[in-house]
Amino acid sequence: MATIVKRGKNFYVVFRYDDANGNSQQKWESFKTKKEAQKRKSEVEHEIDTGTFIPPASIKIKDFLIDFVDMYGKRKWGLSMYTSNSGLSGITSTPFWAR
């Protein structure tokens, strides 16, 4: 189901899954050691076999920035930083490439 491929100094776990539309997709995940890759390979195979695998979802940059500021900013930033970064992720100031 999943395979391990070595390219250069990294090991990759390569596997196929069905996305939300039912299309077959191929995923490559990179690891520094073979042991890490083998661990992930067994995790992926187990998740696919038991039906608990959650396929990666694509998200727009605008939506990611809004979620990031809401989740991270409220806890970690001061009022000034939160206010300025909230404006960066606002709908009116969203750059064309994030729409």
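Accessible areas are calculated by the Shrake-Rupley method with a 1.4 Å probe, and for residues only the protein chains shown count as cover. On that basis the protein exposes about 7600 Å², of which carbon and sulfur atoms supply 55%. The model is predicted: local features need pLDDT of at least 70, side-chain atom pairs count only at pLDDT 80 or more, and totals for chains, interfaces and linings use all residues. Residues are numbered from 1 along each chain as its sequence is written, and side-chain values use heavy atoms, with hydrogens and water left out.

**Figure 1. Overview of the secondary structure.** The protein contains 3 helices and 3 strands; these are DSSP runs, numbered from the N terminus, with helices (H or I) of at least four residues and strands (E) of at least two. Read from the N terminus, the order of elements is β-β-β-α-α-α. Of the 99 residues in the protein, 20% are buried, where buried means under 20% relative accessible area, exposed means over 50%, and partly exposed lies in between (1.4 Å probe, protein chains only). Contact is defined as heavy atoms within 4.5 Å. Among contacts between residues at least 6 apart in sequence, 30% join residues at least 24 apart.

Figure 2. Two strands are said to pair if DSSP finds at least two bridges between them. Strand S1 (residues 3-7) pairs with S2 in the antiparallel sense, over 5 bridges. Within this pairing, Ile 4 has Val 13 of S2 as its bridge partner. The hairpin has 2 residues between the strands, and Gly 8 takes a positive phi near 65°.

Figure 3. The pairing of S2 with S3 is antiparallel and extends over 8 bridges. Asp 18 has Ser 24 in S3 as its bridge partner, and Arg 16 stands opposite Gln 26 in S3. Here 5 residues lie between the strands, and Gly 22 takes a positive phi near 90°.

**Figure 4. The largest nonpolar core.** A nonpolar core is a set of buried Ala, Val, Leu, Ile, Met, Phe, Trp, Tyr and Cys residues joined through side-chain atoms within 4.5 Å. The largest one in this model has 9 residues: Ala 2, Phe 11, Val 13, Phe 15, Tyr 17, Phe 31, Ala 37, Val 44 and Phe 53. Two or more residues of this core come from each of strand S2 (10-18) and helix H1. The most, 4 residues, are given by S2. When neighbours within four places in sequence are left aside, the contacts of Phe 11, a member of the core, include Ile 4, Val 5, Glu 29, Phe 31 and Ala 37.

Figure 5. Side chains of opposite charge can pair when their charged atoms come close. A salt bridge is counted when a side-chain nitrogen of Lys or Arg is within 4 Å of a carboxyl oxygen of Asp or Glu, and the structure holds 3 salt bridges. One of them joins the side chains of Arg 40 and Glu 29 (2.7 Å, N to O). Arg 40 belongs to helix H1 (residues 34-50) and Glu 29 to strand S3 (residues 24-31), so this pair ties together parts that are 11 residues apart in sequence. Both ends are buried: Arg 40 has a relative accessibility of 18%, and Glu 29 has a relative accessible area of 17%. Arg 40 also forms a salt bridge with Glu 43 (3.5 Å, N to O). These two residues lie in helix H1, 3 residues apart, about one turn of the helix. Glu 43 is partly exposed, at 32% relative accessible area.

**Figure 6. The salt bridge of Glu 45 and Lys 41.** The side chains of Glu 45 and Lys 41 meet in a salt bridge (3.4 Å, N to O). Both residues are in helix H1, 4 residues apart, about one turn of the helix. Lys 41 counts as partly exposed, at 23% relative accessibility.

**Figure 7. A nonpolar patch on the surface.** Patches are made of residues with over 30% relative accessible area and no salt bridge, with like charges joined within 9 Å and nonpolar side chains (Val, Leu, Ile, Met, Phe, Trp, Tyr) within 5 Å. Ile 59, Ile 61, Phe 64, Leu 65, Phe 68 and Tyr 72 form such a nonpolar patch, with about 520 Å² of accessible area together. Phe 68 lies in helix H2 (residues 61-76) and is partly exposed, at 34% relative accessibility.
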